[in-house]
Amino acid sequence: FIYFLSTIGVLLVFADKVPAAVSMIFESAFTTTAATGGFLGATVMMAMRNGVARGVFSNESGLGSAPIVAAAAKTKWPAEQGLISMTGTFIDTIIICTLTGLTLVVTGVWCGMENGAALTNAAFTSAFPVFGGYMLLIGLVLFAFTTILGWNYYGERCMIYLVGTKGVLPYRLVFILLIASGAFLKLEAIWILADIVNGLMAIPNLIALLFLSGICVRETKKYMDHLKTGKPYEEYED
């Protein structure tokens, strides 16, 4: 919420540039600019790979990680929990990433040499020179802390499934070491590592989704019928 308000504040400061920024984004995406940049830069395939990788990184769609938390929810309707989980993709990618992208464009920092958090920090400080950096700092600390907690939980659930509770403590020790080492790695190395492990997660998960697609369709039909008729879950046959 803090980050959301901060980006809105930046867009209000540069409100006169927002229409031009939106127009430029759409024109660059649907004209020869994007294709030319892909061919001249690192080919269209590389552009697509980076786009998909960053999209997956922002919302975890298809990785199979978020369902680990969703599976802990107490609900009679699996489809209902699935629909609730889908809102995460909308909030992360459509809202947060769109606001971030607009702040980078309207402030003009996207043309500079910065990358990652430094790029966003430049955008915030250009709008609020005195406290813009602190606004972003609070948001990033909260993002990082909750992300660390979330991924630790994912890993613990996996270790318990594979080897039992005896694997939790060794996992936590390795996890803490990896968190500490992340502060000393270059951003490019982190992106490469993230892309590799995301791919390792996505491959078995997407294969499993193909086999479970029939169950997903059946559970969704049950829930949609329940919304229309009010029929309880117990009356549906498996």
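Is Phe-124 buried or exposed, and at what relative accessibility?

1. Phe-124 counts as buried, at 0% relative accessibility (buried means under 20% relative accessible area, exposed over 50%, partly exposed in between, with a 1.4 Å probe and protein chains only). The model is predicted: local features need pLDDT of at least 70, side-chain atom pairs count only at pLDDT 80 or more, and totals for chains, interfaces and linings use all residues. Residues are numbered from 1 along each chain as its sequence is written, and side-chain values use heavy atoms, with hydrogens and water left out.

2. Helix H7 spans residues 117-127, and its buried residues include Leu-119, Ala-123 and Phe-124 (helices are DSSP runs of H or I, at least four residues, numbered from the N terminus). These buried residues pack against helices H1 (2-13), H6 (78-107) and H8 (132-163).

3. Aromatic pairs number six (rings of Phe, Tyr and Trp, the last by its six-membered ring, pair if their centres lie within 6.5 Å; planes under 30 degrees apart count as stacked, over 60 as edge-to-face and the rest as tilted). One of them, Tyr-3 with Phe-124, is stacked, at 5.9 Å centre to centre and 25 degrees between the planes. Because Tyr-3 lies in H1 and Phe-124 in H7, the pair ties together parts that are 121 residues apart in sequence. Tyr-3 is likewise buried, with a relative accessible area of 8%.

4. Phe-128 and Phe-131 also form a stacked pair, with ring centres 5.3 Å apart and planes at 25 degrees. Phe-128 is buried at 17% relative accessibility, whereas Phe-131 is partly exposed at 44%.

5. Ring pairs also link Tyr-3, Phe-124 and Phe-143 into a cluster.

Terms used: Helix = DSSP H or I, 4+ residues; strand = E, 2+ residues; numbered from the N terminus. Contact = heavy atoms within 4.5 Å.
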